[in-house]
Amino acid sequence: MSGWSHWDWPFFDAQHETTVERLHAWRARYAQIEPSLAQQPLTEQCRLLAAELGKAGLLGYAVPRLAGDTPPSVDLRSVCLIREALSYDSALADFVFSMQGIGSAPLWLFGSEAQRSRYLDGCREGRTLAAFALTEPGGGSDVAAITTRGERRGERYVLNGAKAYISNGGIADYYVIVARTEDAPGAKALSAFLVDARTTGLKASANVEIVAPHPLAELELHDCEVSADSMLGQPGEGFKVAMAVLDIFRSSVGAAAVGLARRALDETVARMNARTLFGKPMAEMDTVRMRVADMALDTEAAALLVYRAAWQRDARRAAITREASMAKLGATEAAFRVVDSAVQLFGALGVTQGCVIERLFRDVRPMRIYEGASEIQKLIIGRKVLAACP
Ligand code: COS
């Protein structure tokens, strides 16, 4: 990771040296396990990666231990450093890490003592896989329009509806499911539930295949009964739960995108120096130099947006809705341009199956869609900027 020296930026503290040391150890371990991992089916790869990430002490950064009355939180700069380094080598390892964070955050942010103690240690150790079920077949961008119902019947809620594109669907041990619990439209009628994967009436479909393979399924909820104390937070707080989780993890999607961009840039630099065209190394061609300059600028600017947002949340304990959206939007769009340039400079090899650049191209594309499409990030940023104007 030649360009990976930014952890001495002023955004970081002494504690981040430990994060970086753990990442160096992880990369050495990953190089050992990668060949045998690749022989396993996708779901098994995810379980093994979760166990390894747990053993390496990395999942603890996504699933924090709770200390007394201090409001639970992650060190977002560490989460971003980890996602960047993981995605540089393996988008699947990054996926596993991020899902443990996204799927556990509703518990450590809003869960009761009983809910937390049932699952969080397992999440931190990589024994328990988590999932967050927000998106529905009717759409994912408009959270306030969720149609899955949660009807109260005495001391129980009965869930009916469907969820789509649920990461870890089919392999998760539990799901956080957002459903409409009031007979009213809008954001304030939603509540979040913690549903064990073995609950009767909850069914996951076969794996949905996408360009960047990872466990992904549709969920069917048919008279799925849960006790009233399965709710996370208060009735009507489902939208708040979802936004709180997204506010934390959105900037880290940008970090994962930076990891892909750095890998594309490093691979491109190596190839441009090695390959001769029209009698000289491609690195000596001005057209190549200009494109590589754009790639480097995009990568560095993206990293600055990401670590600015993470620093702001960690150091100032401030809400970072606008900065997180900027980091997610700026970094995923930039990484897409960088990887696309790498494909162009690699020529036919760049679109050949098995070439690292081809894999990066498939890995980067969905990032502009999930955890809030680019258009949603623009909507959030535009609203915030306009509301702040004098
Ligand atoms: N943090 C805290 N509160 C928030 C918030 C946030 N990030 N965003 C909105 N709210 C509050 C608002 O302040 C508002 O409260 P009041 O009614 O008390 O004023 C309420 O929640 C409703 O907000 P808003 O009117 O902005 O909701 P909209 O339905 O217009 O839009 C967006 C919300 C588009 C931002 C939301 O639906 C969203 O993030 N969509 C993308 C979802 C996504 O990322 N899906 C992919 C899931 S992959 S896990």
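Start at the ligand: one of its nitrogen atoms sits 2.7 Å from a backbone N or O atom of Ser 141, a polar contact, meaning a pair of N or O atoms within 3.5 Å (within protein, one must be able to donate a hydrogen and the other to accept it, and residues adjacent in sequence count only if both atoms are side-chain atoms). Keep in mind that this is a predicted model, where local features need pLDDT of at least 70, side-chain atom pairs count only at pLDDT 80 or more, and totals for chains, interfaces and linings use all residues. Residues are numbered from 1 along each chain as its sequence is written, and side-chain values use heavy atoms, with hydrogens and water left out.

Who else is around? There are 19 residues around the ligand, and Ser 141, Lys 188, Arg 250, Gly 372 and Arg 383 come nearest (to be near, a residue needs a heavy atom within 4 Å). The shell splits into nine nonpolar, five polar and five charged residues; here Ala, Val, Leu, Ile, Met, Phe, Trp, Tyr, Cys and Pro count as nonpolar, Asp, Glu, Lys and Arg as charged, and the others, Gly among them, as polar. Helix α7 gives the largest share of that shell, five residues. Helices are DSSP runs (H or I, at least four residues), numbered from the N terminus.

Now look at α4 (residues 76–89), which packs against α5 (residues 91–110) at about 150 degrees, with the axes 6 Å apart. Axes are lines fitted to C-alpha atoms, for helices over the stretch in contact, and angles run from 0 to 180 degrees between N-to-C directions. The two helices are therefore roughly antiparallel (angles over 145 degrees). In contact (heavy atoms within 4.5 Å) are residues including Ile 82 and Leu 86 of α4 and Phe 97 of α5.

Helix α4 has another partner in α8 (residues 286–316): their axes come within 8 Å and cross at roughly 150 degrees, which makes α4 roughly antiparallel to α8. Among the residues that meet there are Leu 81 and Glu 84 in α4 and Trp 311 and Arg 313 in α8. By class, this contact has seven nonpolar, no polar and four charged residues.

Methods
Angles under 35 degrees count as roughly parallel, over 145 as roughly antiparallel, 65 to 115 as roughly perpendicular and the rest as oblique.
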